[in-house]
Amino acid sequence: MNDKQHTIKAPVTVSGIGLHTGVQATMTFCPAPINHGYKFQRVDLPGQPIVDADVDNVVDLSRGTTIEQNGARVNTVEHTLAALVGLQIDNVLIQLDGPEPPIMDGSSYEFIKPLQEVGLEEQNALRNYYEIPAEIRYVDNARSVEIAALPLNSYRLTVMVDYNSPVLGSQHASLTDISQFAAEIGSSRTFCFLHELEALYKSNLIKGGDLSNAIVVVDRVVSDEELDELATMLGKPKVAVKKEGILNNVDLRYKNEPARHKLLDLVGDLALVGRPLKGQILAARPGHAANVAFAKRIKKKMMEAHTSPIPTYDPSREPVMDINQIAATLPHRYPFLLIDKIIHLDATTVTGVKNVTFNEQFFAGHFPGNPVMPGVLQIEAMAQTGGILVLNTVPDPENYWTYFLGIENCRFRRMVKPGDTIIFKCELTAPIKRGIAKMSGKAYVSGKVVMEAEMSASIVKKQ
């Protein structure tokens, strides 16, 4: 599994009509920097406001998921977001010149195809997965809905739908790995029942539904007169019912296409938690309201966990920078290159790792009968970690030096001994101004703080 973040190599544009608003819109997927996530931008509105794809921004759930922020609203975001999650694209700005993404064929396929064609670009940062720590459950007894998330070291989803319909019956759909989304789920189209059509039209919804982008399930006997009225309502010369109880607008792509589309919707709605997920999702009769309520429950757990500042280190995950990349960035060399890996790096935060072994040259003379890592070298290792963060803010970092200017409020909490793995976390405390960076840093061993300090450094261009 590639754990690096990804964006797209170049902008991708699609155009079409919105399902519910009926408004023609052009949507452009644009490359975005690390830790950007998914954001919509209403380029047709004054100031071109940004709307974060965040569950806290959901304002309407009538037949789709609508988000709003900064005075801008985006309707029916789930198919767009599902395409991005399914392709494991982490960072994209979605520019939209109307109120709703185009419905295209009613699935995610016509977003997936052009995104695959333009290709993905790996970014030098690890994915910030939220790993489901323990069972999270949502139940809506009134609608017989139940959704659960269980711990798993991948992303797996199973959906069951049962509409008490002789046509659909009970259907299941599963996705055993998110990498299979494009092939197995992405082309499954939206659907509704015939009895819902008239109500949707009267509610001023599905203005963009023209029967080429939705499966209509006919779940009762329909007279010829009703079919004629339906044809008039939909602007079609004639409509008929196929023997399997589907209106003759489309052929099913899968026998369980409705269940697969419900899984697609679930993937899109759960994207609103704001981080890629690791876990097993089991959903019985899900819908947008339940999906979003469940996503809020996951985000609440996620934010509770986020209050802990302790970084975690998984040696099996590919680092953001290995020792060779660190040596290409920093001017230090043995015995003064004191960090082994960078495992997280963004615009304001960096996390580095040092494995302390008895072979360190300083142990020969520093308390040789009771080996303890010198505090000044812990500070130096933290400063080198912070140097990576500071150099990440300038183009061509190899053309700059970073110089340690000051240290304040330094405290040593515990001894560091051979066999320990130190995790250094440095964070900018203010924007860098005139080449001066101010950072706070902490060093951890086994989840406990061993040292902390506030540091300042200067970025100087090489002459």
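This briefing describes the domains, annotated sites, salt bridges and surface of one protein structure.

The model is predicted: local features need pLDDT of at least 70, side-chain atom pairs count only at pLDDT 80 or more, and totals for chains, interfaces and linings use all residues. Residues are numbered from 1 along each chain as its sequence is written, and side-chain values use heavy atoms, with hydrogens and water left out.

**Domains**

- The domain assignment gives domain 1 (4–186 + 258–305), domain 2 (191–252) and domain 3 (323–461); such bounds come from an automatic or database domain assignment.
- Taken over C-alpha atoms, the centres of domain 1 and domain 2 are separated by 27 Å.

**Sites annotated in UniProt**

- The UniProt annotation "binding site", from an unreviewed entry, covers His-79, His-261 and Asp-265. These residues are spread over 187 residues of sequence, yet they cluster in space, with a largest C-alpha distance of 9.5 Å.
- From this set, His-79 belongs to the lining of the largest cavity. A cavity is a set of points, on a 1 Å grid over the protein atoms alone, where a 1.4 Å probe fits but cannot get out, and lining residues have an atom within 4 Å of a point.
- His-79 is located in helix α1 (residues 78–86); helices (H or I, at least four residues) and strands (E, at least two) are DSSP runs, numbered from the N terminus.
- His-79 counts as buried because its relative accessibility is 5%. Buried means under 20% relative accessible area, exposed over 50%, and partly exposed in between (1.4 Å probe, protein chains only).
- For "active site", UniProt lists His-288 and His-366, again from an unreviewed entry. The two span 79 residues in sequence and their farthest two C-alpha atoms are 62.4 Å apart, so they do not all gather at one spot.
- His-288 lies in helix α7 (residues 288–306) and, at 12% relative accessibility, counts as buried.
- UniProt positions are given in the numbering used here, feature names are shortened, and annotations may be inferred rather than shown by experiment.

**Salt bridges**

- The count comes to 17 salt bridges, each defined as a side-chain nitrogen of Lys or Arg within 4 Å of a carboxyl oxygen of Asp or Glu.
- Lys-299 and Asp-54 meet in a salt bridge of 2.9 Å, N to O. This pair links distant parts of the chain, 245 residues apart: Lys-299 is in helix α7, and Asp-54 is in the loop between β5 (50–52) and β6 (58–60).
- Both Lys-299 and Asp-54 are buried.
- Glu-146 forms a salt bridge with Arg-137 at 2.2 Å, N to O. Glu-146 counts as partly exposed at 35% relative accessibility, and Arg-137 counts as partly exposed at 39%.
- In the salt bridge between Glu-360 and Lys-354, the closest N and O atoms are 2.9 Å apart; both residues are buried.
- A network of salt bridges links Lys-4, Glu-122 and Glu-318.

**Surface**

- Trp-401, Tyr-403 and Val-460 make a nonpolar surface patch of about 260 Å². Patches are made of residues with over 30% relative accessible area and no salt bridge, with like charges joined within 9 Å and nonpolar side chains (Val, Leu, Ile, Met, Phe, Trp, Tyr) within 5 Å.
- Accessible areas come from the Shrake-Rupley method with a 1.4 Å probe, and for residues only the protein chains shown count as cover.
- Val-460 is in strand β24 (residues 448–461) and counts as partly exposed at 31% relative accessibility.
- Val-376, in helix α9 (residues 375–391), is exposed, with a relative accessible area of 61%.

Terms used
1 Å grid on protein atoms, 1.4 Å probe; cavity = no way out; pocket = protein on both sides within 12 Å on 5 of 7 lines; lining within 4 Å.
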